[in-house]
Amino acid sequence: MRQTARSVALEAIRRVTDEGAYSTIVIPGALRRSRLDERDRAFATELAFGTIRHLLAIDWALDRVASRPVARMSPSARTVLRLGAYQVLFTDVAPHAAVGETVGLAGDRERGFVNAVLRRLTAEPTAWPDGAGDVDVAVRSGLAPWAVNELRKLLPADEVEPAAAAFASPASLCLRANPAAIEPAPLERALRDAGHDPRPAPLDPTCLLLDHGDPARMPGFEEGWFAVQDQASAFVVRALDPMPGDRVLDACAAPGGKTTYAAALVGEDGLVVGADLHAGRVGLIRRSATRLGLHPLVLAQDATAPALQGPFDRILVDAPCSGLGSARRRPELLWRDRKRDLSTLARTQVAIVSALAELLAPGGRLVYSVCTFPRAETDAAADAIVRHRPDLVPFATDGPDGPSDRVRLWPHRHGSDGMFIAAYARKL
């Protein structure tokens with residue numbers, strides 16, 4: 001079959017929805033292997049990410065026009081229909097082109113069914129649900145109903161749907177100036193001279209936001225002037241507050257954005273160790289640090305049984321979590337069911353902090369962060385940390401809404417990824 005933007009997108013969508021792959025790995029990989037020109041690569045990217053991002057709404061609409069539910073369709077027909085429905089419902093592709101070109105991707109035995117369903121979908125405008133319940137909000141926003149319900153436990157009623165919609169919206173590109181190489185102002189000028197339109201990020205003075213662009217083609221990439229890092233992730237390092245000469249451990253460090261930021265702040269007189277459970281991901285830290293001209297120590301270790309010896313002045317535990325807060329960049333997290341994992345993840349988070357507290361110097365600071373929002377992984381875990389380690393005392397850090405020992409960052413309020421941050425000082 002001739003390779004097209006739609007066929008490349010179709011295969012990427014299938015791997016994410018049927019095999020559990022990550023969109024941020026599968027889609028760029030498929031594009032690299034393709035022979036598409038730049039225009040078709042952009043179209044394939046939009047089709048793949050857009051279909052994954054709007055999957056709940058697409059399935060809801062298909063269920064109303066198909067002769068059998070989406071859950072009972074063959075996997076191949078289901079994927080083709082999802083791709084076609086995305087074009088019909090969410091793009092300005094002409095309906096006849098969306099249907100005709102997509103039907104051509106279906107197998108011989110499924111082509112008639114796919115054609116009939118897509119033509120019904122184009123026949124009249126879709127009437128989206130207008131209720132206030134979790135399922136209706138999920139269809140309109142893209143965030144799974146159980147996650148919408150989690151938002152209700154944390155936010156005022158009038159913020160639930162805006163928050164859900166913000167998690168399901170594409171994120172801006174965020175570049176963090178590398179303090180070891182350049183100040184934010186000259187980086188901003190260089191980006192403007194190259195035709196970009198950067199603007200300051202509110203949560204960290206070294207971060208600049210752009211609407212789009214390929215970082216590898218921007219001025220200063222090869223020279224290590226910046227790292228690609230969301231401002232919420234950079235804010236976590238600000239809460240850690242590493243000082244020149246400090247010894248810092250970043251215990252769950254891959255891909256290394258926080259490690260390299262801390263390494264730049266402690267300077268040559270300090271020491272930063274970036275560790276991660278997965279040896280393969282440790283290489284990501286090393287490659288990022290090399291491009292930025294920084295030299296943290298990197299190693300693979302199980303953070304619940306650390307091989308290192310302390311003391312460290314600062315310890316960062318950016319713990320494994322359900323990741324809902326980063327769904328703007330990995331849209332499959334909007335609808336993957338991680339609810340059953342929350343308790344297990346929370347126990348792991350507390351076990352990691354409890355083990356690493358042994359390595360913290362008296363008076364030193366430990367920051368626990370997770371890029372998610374359910375209570376089980378945030379406030380409940382922070383409460384459990386204090387019960388397990390009474391020598392860790394909650395410590396107030398500066399946040400966008402004032403000093404607090406627990407900070408929540410929200411995309412609809414702060415324009416960042418969703419993040420929870422709790423800081424502790426070890427008793428003297």
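The lining of the largest cavity in this predicted model divides into 6 nonpolar residues, 2 polar and 1 charged. Phe167, Thr372, Phe373, Arg408, Leu409, Trp410, Gly418, Met419 and Phe420 make up this lining. Strand 11 (406-409) and strand 12 (419-426) each contribute at least two of the lining residues. The volume of the cavity is about 30 Å³. The count of cavities of 30 Å³ or more comes to 1.

Strands 11 and 12 also take part in covering helix 16. The buried residues of this helix (residues 379-388) are Asp379, Ala381, Ala382, Ala384 and Ile385. Helix 15 (342-356), strand 9 (360-370) and strand 10 (392-394) are also included in the cover over these buried residues.

Aromatic pairs number 8 in the structure. In one of them, the ring centres of phenylalanine 221 and phenylalanine 226 lie 6.1 Å apart; the planes meet at 50 degrees, so the pair is tilted. Phenylalanine 226 is buried, with a relative accessible area of 0%. Tyrosine 368 and phenylalanine 420 form another pair, with ring centres 6.2 Å apart. Their planes stand at 70 degrees, over the 60-degree cut-off, so this pair is edge-to-face. Tyrosine 368 belongs to strand 9 and phenylalanine 420 to strand 12, so the pair ties together parts 52 residues apart in sequence. Both residues, tyrosine 368 and phenylalanine 420, are buried.

One aromatic cluster is formed by Trp60, Tyr86, Phe90 and Trp128.

Arginine 291 faces two rings. Its charged end sits over the ring of phenylalanine 221, 4.2 Å from the centre. Arginine 291 also lies over the face of phenylalanine 226, at 5.9 Å from the ring centre.

Methods
Residues numbered from 1 in each chain as written. Predicted model: local features only at pLDDT ≥ 70, side-chain atom pairs only at ≥ 80, totals over all residues. Heavy atoms only, no water. 1 Å grid on protein atoms, 1.4 Å probe; cavity = no way out; pocket = protein on both sides within 12 Å on 5 of 7 lines; lining within 4 Å. Points joined across faces, edges and corners; volume = space filled by probe spheres on them. Helix = DSSP H or I, 4+ residues; strand = E, 2+ residues; numbered from the N terminus. Nonpolar A, V, L, I, M, F, W, Y, C, P; charged D, E, K, R; others polar. Buried < 20%, exposed > 50% of the residue type's maximum accessible area, 1.4 Å probe, protein only. Contact = heavy atoms within 4.5 Å. Phe/Tyr/Trp six-rings, centres within 6.5 Å; stacked < 30°, edge-to-face > 60°. Lys NZ or Arg CZ within 6 Å of the ring centre and 35° of its normal.
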